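Here are my notes on the model you sent over. Have it open while you read, and go through the points in order.

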Amino acid sequence: NHFTLTYTTTMANKKGKGGGKKKGKGGGGSGKKKQTSFGDNRSGRDAIATASASIIDNSKCAMCDAAAQPSSWKNDVAFTTMSCCGLSVCKACMDKASAEKLKEITSKAAEMKSASTPTDPARRNDDDSSPPSKKTQPPIKQTCVACDMPVTNDKREHVKRLLTLAMDKRHPISQYLLAREGLEGNLRGDPTKWLIKAAEAGYPPAMTELADLYRTGDCGVEQSYVSAKIWYEKAGDYAPALFEIACMFRDCVDDEDTSNVYMRKAADQDYPLAMQDLAVYLCSRGDEDLLDESIEIFRRAAEMQVGERAIFQNPKFKDSIISCQYMTASLIMLCAGDDDPVPAEALRWAKAASMNGHEQAKQILSDMEETLALSKMMSKNKISK
């Protein structure tokens with residue numbers, strides 16, 4: 001069964017009580033299969049991995065050979081791992097493949113429409129009142145851009161493919177994705193077993209996720225800040241791990257100084273959640289130099305809507321980037337002088353955040369526009385006098 005976390009090992013070749021014969025009829029055994037959990041430490045647990053299993057290379061795009069940055073959190077956004085073959089494809093190649101597929105679908109639709117329309121209605125037999133026959137076109141086959149295997153939208157088939165890669169290939173990314181499916185309730189059994197396998201294989205997202213479980217004590221994992229810290233630090237310079245360990249020191253251990261060290265490391269990698277958190281902290285200190293630094297960090301995050309489009313479109317980071325746009329506008333307005341009550345940059349970021357649906361940005365934008373209108377009217381009065 002591909003949807004359980006057990007595998008079977010036949011007892012046919014083992015000696016039974018009946019004189020060393022194979023178990024079965026007349027062999028002193030029942031011929032049943034023995035089920036062994038992946039979670040135990042028995043030597044047979046890795047028997048399912050084929051000796052000749054090829055190593056899947058996820059260090060580059062399978063289509064254009066674009067290199068992935070080792071341990072960079074941006075790989076999580078820039079690359080997609082295919083569940084059928086385990087290969088990684090960069091966003092540029094995925095977008096190109098999607099555009100080509102859309103073009104093919106449009107072309108097929110045009111062909112079907114043309115085939116269903118008679119070319120010369122006048123030549124049709126007057127006695128034939130039946131409608132023209134439509135030439136049916138076979139459906140366009142959706143295939144993986146890396147291996148041409150048919151794409152599936154069926155969740156069970158998707159999990160089955162991940163399970164095959166996780167077991168037969170010992171593929172850490174597939175093991176991690178399989179664990180994620182389990183955490184979402186799409187897999188029977190204990191998903192933490194797969195998470196541990198991926199973490200022990202050195203996959204940073206799996207290390208971070210496992211550390212999260214130790215920190216919160218979810219999914220039956222015994223809560224341990226010490227174990228959480230160990231796994232966060234094993235992830236190295238992986239920005240999400242640095243951000244999470246910073247949050248742990250701040251919220252759980254009440255060690256703000258240590259928290260800020262980790263938070264700054266994550267922010268230096270342009271991790272939006274860490275940039276927002278660090279900038280808010282610096283802004284709250286009431287120091288003029290720290291205020292300037294916080295504005296600069298907010299600004300860097302705000303600019304990711306254009307400079308890092310793929311990151312901005314990710315739901316995990318979008319709200320943080322929009323909030324940074326609002327905060328950039330607010331702080332620039334706070335520092336504005338009487339000679340320039342509404343700086344152009346503040347207006348630009350307020351408009352950006354407002355267009356992205358930020359309610360407070362809409363209010364501050366309205367205030368800015370009123371101030372500009374009042375300033376313009378006062379300027380005209382001075383000229384007329």
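**Notes on the model**

1. Let's start with a salt bridge: the side chains of arginine 161 and glutamate 157 pair up at 3.2 Å, N to O. The term means a side-chain nitrogen of Lys or Arg within 4 Å of a carboxyl oxygen of Asp or Glu. These two residues sit about one helical turn from each other, because they are four residues apart in helix H3. Helices here are DSSP runs of H or I with at least four residues, strands are runs of E with at least two, and both are numbered from the N terminus. Arginine 161 counts as buried because its relative accessibility is 13%, while glutamate 157, at 27%, counts as partly exposed. The cut-offs are under 20% relative accessible area for buried, over 50% for exposed, and partly exposed in between (1.4 Å probe, protein chains only).

2. Before going on, a word on the basis of all this. This is a predicted model, in which local features need pLDDT of at least 70 and side-chain atom pairs count only at pLDDT 80 or more, whereas totals for chains, interfaces and linings use all residues. Residues are numbered from 1 along each chain as its sequence is written, and side-chain values use heavy atoms, with hydrogens and water left out.

3. How many salt bridges does a search of the whole structure find? The count is 16. One of them joins lysine 229 to glutamate 233, with the closest N and O atoms 2.7 Å apart. This pair is also separated by about one helical turn, because the two are four residues apart in helix H7. Lysine 229 has a relative accessible area of 29%, so it is partly exposed, and glutamate 233 is partly exposed at 38%.

4. Another pair to look at is arginine 250 and aspartate 251, whose side chains meet in a salt bridge at 2.8 Å, N to O. Arginine 250 is partly exposed at 29%, whereas aspartate 251 is exposed, with 54% relative accessible area. There is also a network of salt bridges that links Arg180, Glu184 and Glu209.

5. Now the largest pocket, with a volume of about 1300 Å³. It has 40 lining residues, and those closest to its centre are Asp76, Tyr176, Tyr203, Pro205 and Tyr238. The elements giving two or more residues to this lining are helix H1 (75-78), strand E3 (79-81), H3, H4, H6, helix H8 (239-251) and helix H14 (315-334). H4 gives the largest share, six residues. By class, the lining has 18 nonpolar, 14 polar and eight charged residues.

6. On a 1 Å grid over the protein atoms alone, a pocket is an open set of points where a 1.4 Å probe fits, with protein on both sides within 12 Å along at least five of seven lines, and lining residues have an atom within 4 Å of a point. Volume is the space filled by probe spheres set on the points. Asp, Glu, Lys and Arg count as charged, Ala, Val, Leu, Ile, Met, Phe, Trp, Tyr, Cys and Pro as nonpolar, and the others, Gly among them, as polar.

7. The second largest pocket holds about 330 Å³ of space. Of its 16 lining residues, Ala97, Ser98, Lys101, Thr143 and Val145 are the closest to the centre. Its lining divides into eight nonpolar, three polar and five charged residues.

8. Cysteine 219, in the loop between helix H6 (204-216) and helix H7 (225-234), has a positive phi of about 55° although it is not a glycine. Aspartate 270 is not a glycine either, yet has a positive phi of about 60°; this residue lies in the loop between helix H9 (256-267) and helix H10 (272-284). Cysteine 219 is partly exposed at 44%, and aspartate 270 is partly exposed at 26%.

9. Lastly, a contact across the sequence. Lysine 169 lies in the loop between helix H3 (155-168) and helix H4 (172-183). Lysine 169 and isoleucine 56 are 113 residues apart in sequence, with 7.8 Å between their C-alpha atoms. Lysine 169 is partly exposed, at 33% relative accessibility.
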